[in-house]
Amino acid sequence: MMNHRIFLLLALCLFSLQGVFAESNGVQEKRESYQGKTPKYVFYFIGDGFGLSQSNAAEAYMAAVKDKDGVVRMVMNTFPKQGFYTTYAQNRFITGSAAAGTALATGHKTSINTIGMDAAKQKPYKSIAEKARDHGYKVGVVTSVSLDHATPASFYAHRPSRNDYYDISVDLANSNFNFFGGGGIKHPEGDKKAKKSKSSAANMGLDSGEKINGGKKNSLQIAKKNGYTIVNSNDDFNKIKAGDDKIIAINEKLSGGKSLPYSIDQKEGALSLADYTQKAIDVLDNDQKGFFLMVEGGKIDWSCHANDAATAIKEVIQFDNAIQKAYAFYEAHPDETLIVVCGDHETGGLGLGFSGSHYHSAFKLLENQKNSYEVFSSKISKLKRKKASFDKVLKAVEENYGFNNGVKAMKLSDYELSQLKQAYDQSFGKGDKIENKDQYYQLYGSYEPITVTAGHILAQKAGIGWTTFSHTATPIPVRAIGSGSTLFEGYFDNTDLPKNIEVLMNL
Ligand SMILES: [Zn+2]
């Protein structure tokens, strides 16, 4: 007869074991028993603010503009392995890009705003990119935002705050990575109040002396001393070829925050995230050992913060265009390549439905928007300086968003007109001022009131609703293809992604 105490002990053991499995969902066991191939080429795509609704909205839009029902699949969503993961930070349920970037780069949870260090901001955590470098892989970092922004920084920097831009750019200069491409460096001189200048070189902090601000050395000069070539024109970019090494390629034209202009605003012939991704492949694919390339679609997040659906969808499509470059590489090296596509968190609480539009979706209407909220807000600023009337401003709104263009679905209702008029009053200091700060924030966030209202109205006509100007905590999907992609199936945590890659690359 079984002793009661033994039975109790056994039950307790089983119970606690079940607890372990419940927490890891078997992902750790799967990782540790992996017997498959080691990928030689690893692509790690991170969409900032890129949740499942952003992905599905882009696919619905792609179908709608072709007058098709349902969705047109993006390349990333044809990948055979998918999983989901939680994103919470160590000290907050809704994460931010620094904590999420650190989790995705190092496999460790950390506190909000911390880059590549523990939650107490004492101990540095090595990223998989640094480990890959130390194991002889070539390493590249590409992003549509500035190169020292939180997500890319998590792969090479170790700093207590994501806002330590100068220190982060010094870490970049000392990283010894082989290729950086995309946006600029925010504060290469350590001067956070750098003088505004219209020249593109000044915009990138390239035209000033070596030492300023208490003798701090310009971080781009440090990079040069460390053997980097800094490229900041399309002509020089086009000359970069296989065999070149230690390149920092900064886009010729930068918009707010030293980022690439939004896809929706880009002029014909401008370099895109896909061009930077292809160039990174050309430079990195030059070694027996292989490479690790991280590519961030950074402005999905920014446009979702601003609740600008049309701009966000075009950023997602551009992100997928970059993934297509990796996919073409995978097709040429199918047994040696791994592509992982994920996101750091969702932004905006994007819902593919809205109370006012009931069960109706009309994604095609988003096609009417000409420029991003960023470009349109600067137009409004000009009109403000001219003290323009509501009718004049409304005309500009109609022109940018396509309202009242003769198509029935684009006609502004009385209620929508009143929302725009209220926004005009707030922005231009006329009529009744909204005194309640909570009410004001919930309507406009920290954005230009007319722009954000027009963006909301267009989204709602398309059947899209936003719940926040911040991030949300919804779990994020990962898609994978190639050697080791099987480890990315299941439901796990964001820290599992780099742990999987680390095991697969034998780092
Ligand atoms: Zn964000």
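Which residue's side chain does aspartate 67 meet in a salt bridge? The partner is lysine 364, at 3.9 Å from N to O; a salt bridge is a side-chain nitrogen of Lys or Arg within 4 Å of a carboxyl oxygen of Asp or Glu. This is a predicted model, in which local features need pLDDT of at least 70 and side-chain atom pairs count only at pLDDT 80 or more, while totals for chains, interfaces and linings use all residues. Residues are numbered from 1 along each chain as its sequence is written, and side-chain values use heavy atoms, with hydrogens and water left out.

**Domains and their interface**

- The protein chain is assigned domain 1 (29-351 + 470-504) and domain 2 (355-462), with bounds that come from an automatic or database domain assignment.
- A distance of 32 Å separates the C-alpha centres of domain 1 and domain 2.
- In domain 1, 23 residues are in contact with 17 residues of domain 2, contact meaning heavy atoms within 4.5 Å.
- Between domain 1 and domain 2 about 1600 Å² is buried, and carbon and sulfur atoms give 57% of that area; buried area is the accessible area (1.4 Å probe) that two parts lose on being put together, summed over both.
- Tyr61, Asp265 and Ala306 account for 25% of the area that domain 1 buries against domain 2, more than any other three residues.

**Polar links between the domains**

- The rule finds one salt bridge across the interface of domain 1 and domain 2.
- Eight residue pairs, both members at pLDDT 80 or more, are in polar contact between domain 1 and domain 2. A polar contact is a pair of N or O atoms within 3.5 Å; within protein, one must be able to donate a hydrogen and the other to accept it, and residues adjacent in sequence count only if both atoms are side-chain atoms.
- On the side of domain 1 that touches domain 2, at least two residues each come from helix 3 (52-64), helix 12 (299-305) and helix 13 (309-332). Helices (H or I, at least four residues) are DSSP runs, numbered from the N terminus.

**Salt bridges in the structure**

- Side chains of opposite charge can pair when their charged atoms come close.
- The structure holds 13 salt bridges.
- A network of salt bridges links Asp67, Lys364 and Glu367.
- Lysine 239 pairs with aspartate 236 in a salt bridge whose closest N and O atoms are 3.5 Å apart. Both residues lie in helix 10 (residues 234-239), three residues apart, about one turn of the helix.
- Lysine 239 is exposed at 58% relative accessible area, whereas aspartate 236 is partly exposed at 35%. Buried means under 20% relative accessible area, exposed over 50%, and partly exposed in between (1.4 Å probe, protein chains only).
- Lysine 421 and aspartate 425 form a salt bridge, with 3.0 Å between the closest N and O atoms; they are four residues apart in helix 16 (residues 414-428), about one helical turn.
- Lysine 421 is partly exposed at 34%, and aspartate 425 is buried at 11%.
- Aspartate 244 meets lysine 241 in a salt bridge at 3.3 Å, N to O, and aspartate 244 is buried at 18% relative accessibility.

**Cysteines**

- The whole structure contains zero disulfides, a disulfide being a pair of cysteine sulfur atoms within 2.5 Å.
- The closest cysteine sulfur to that of cysteine 304 belongs to cysteine 342 and is 16 Å away, so it is too far for a bond.
- Cysteine 304 is buried at 0% relative accessible area, and cysteine 342 is buried at 0%.
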